[in-house]
Amino acid sequence: MNDESLFNSIPIELMCEIFSSVTFLDSLSLSTYPFHIPASHRAPLLLTKVCSQWRNIVLKTPTLWSSLAIDMERILGSEPKRTFYRFWLDRAWGTPISLYIIDVRRSDAALLKNHNDWIDFLLDNAPHIKHLLTGPHVFNALLHALSFKPDHRNSRTMIGGRLEGISCVFNATDSLHYPFYDQTSIIFPNLRQVDIASTSYQGFADLQIHKLTHLSANFSLLEFLQSNPHTLTFPKLIELYLYPPARTLRQPPKELDESHRFVFPELQFLKIFDPTEGLPDTRRILPHFECPKLDTLQIENLNPMMKLNQTDRLHSTGDFEFFAKFLETTSRSGAGIKYFVTRHRDFLDKAFFDHPAVRSGIEFVQVMMSTKNPSRSLSNYYYWSQLGWDTHALAADGTVPTDPAARTEAQKRSFANTWKAHGLEVVFSTDSKAYIGWSRIRGRALGKSFVKSWTTAFWDKAPYVECIEQSRGAELIPY
């Protein structure tokens, strides 16, 4: 059987699945993932150039074209670019669209009101927008057009009524415009996924939390929404991403008494970014959460410059009662969390690993730390010395290695053996990471990426990050 006859024997449905996988994998290489930047050298456009049969299949498969990143400034100033976007969106006709509309610069924000034809372009070419990621200028301009323009008011059903997910980052000098305060539930009545980053959540009091399945916001949104009831319930929420407000603009945190509760009966994934040493925001709010179905808790700190002497943590008496209280609340109302994954160095602490609630209550615990020196001026050898392992750098025969690479290896092995002596597993990766903790789950090793069994947020970058890490070919080396 030749190649042509072999290809003709493949069902069209299977070819569509193959093309979908190729398009997905191709998009993973983009920083705009999961939104496609149209290019002739990437799928799906690249697939149309192989042969006429492939071209026909690709052009007639709307889902291949259902994700797009649009540069708003090009729409405003370039008819050829509109024609290209129109071609793309025509292929997706009849299927829900996910759009990333790249915001205009602040100096060009007025153009959005002066040139309303961009709204007509969206209505004519993408009437069923399911997910929308954009910036504050486009977001406010869209609300203005759907609220006040007589010829666009009937478009609420086409755009606002069908929109299920919105993602928008308001910078320190941007905010929701006053005329649209508490109008989101009217203009966007069917929101299920919401990612709103803002220094103030004034104007979002009408957010329909009873419909949300995915939410990303800073801690102050929960406090803002809970200004009246002491118990705030998110009945359908599956994923929750939380992070602190901008430091320079933070107000004193709101104190929560014992009666304040945040109830998430269906929550399966909780991710917290807390860059501050000591975890002040996490300590303050986590004990007030009730998550009976929580599967995974992830706490992140993306600041590699946080000072830490690892040897100090071997004798620490750190206070992790806030964490134990959260585990107790979760296990009391459900099975308890299964996975705890963190890159926050506050948890690389003997007191945390030895806490009875942690030891007995979590099947998988993984604390990750970078073993790469964040300062380019110093080698990894000096970095391990800064971490307090210089005096532990002994070779197998008890001598001190003179070769820098050999000394670094001895330091790493000493680090691993010290934590292993406390009943922990230690794994290093070839891309300069160390994983400390334990796994009591068959087939789940430290350092392996997680595959979620539930629908993830449309803005989730985890597959993109995993693709980049896999492309580097990192290997895991147990010590």
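Modeller: Buried, here, is under 20% relative accessible area, exposed is over 50%, and partly exposed lies in between (1.4 Å probe, protein chains only, Shrake-Rupley areas). With 2% relative accessibility, Phe 188 therefore counts as buried, and that's the residue I'd like to stay with.

A word on the ground rules. This is a predicted model, so local features need pLDDT of at least 70 and side-chain atom pairs count only at pLDDT 80 or more, while totals for chains, interfaces and linings use all residues. Numbering starts from 1 along each chain as its sequence is written, and side-chain values use heavy atoms, with hydrogens and water left out.

The protein has 18 helices and 17 strands (DSSP runs numbered from the N terminus: H or I of at least four residues, E of at least two). Phe 188 itself sits in the loop that links α9 (184-187) and β5 (193-197). Leu 163 lies 25 residues away from Phe 188 in sequence, yet their C-alpha atoms are 6.5 Å apart in space. Across the protein, 74% of the contacts (heavy atoms within 4.5 Å) with a separation of 6 or more join residues 24 or more positions apart.

Now for the holes. A cavity is a set of points on a 1 Å grid where a 1.4 Å probe fits but cannot get out, and its lining residues have an atom within 4 Å of a point. There are three cavities of 30 Å³ or more, volume being the space filled by probe spheres set on the points.

The largest cavity comes to about 50 Å³. Phe 188 is in its lining, along with Thr 184, Ser 185, Leu 191, Asp 206, Leu 207, Gln 208 and Leu 212. By class that's four nonpolar residues, three polar and one charged (Asp, Glu, Lys and Arg are charged; Ala, Val, Leu, Ile, Met, Phe, Trp, Tyr, Cys and Pro are nonpolar; the others, Gly among them, are polar).

The second largest cavity, at about 40 Å³, has Phe 188 in its lining as well. Thr 184, Leu 191 and Leu 207 turn up there too, together with Phe 139, Ile 166, Val 194, Ile 196 and Phe 204. This lining has eight nonpolar residues, one polar and no charged ones.

Terms used:
1 Å grid on protein atoms, 1.4 Å probe; cavity = no way out; pocket = protein on both sides within 12 Å on 5 of 7 lines; lining within 4 Å.
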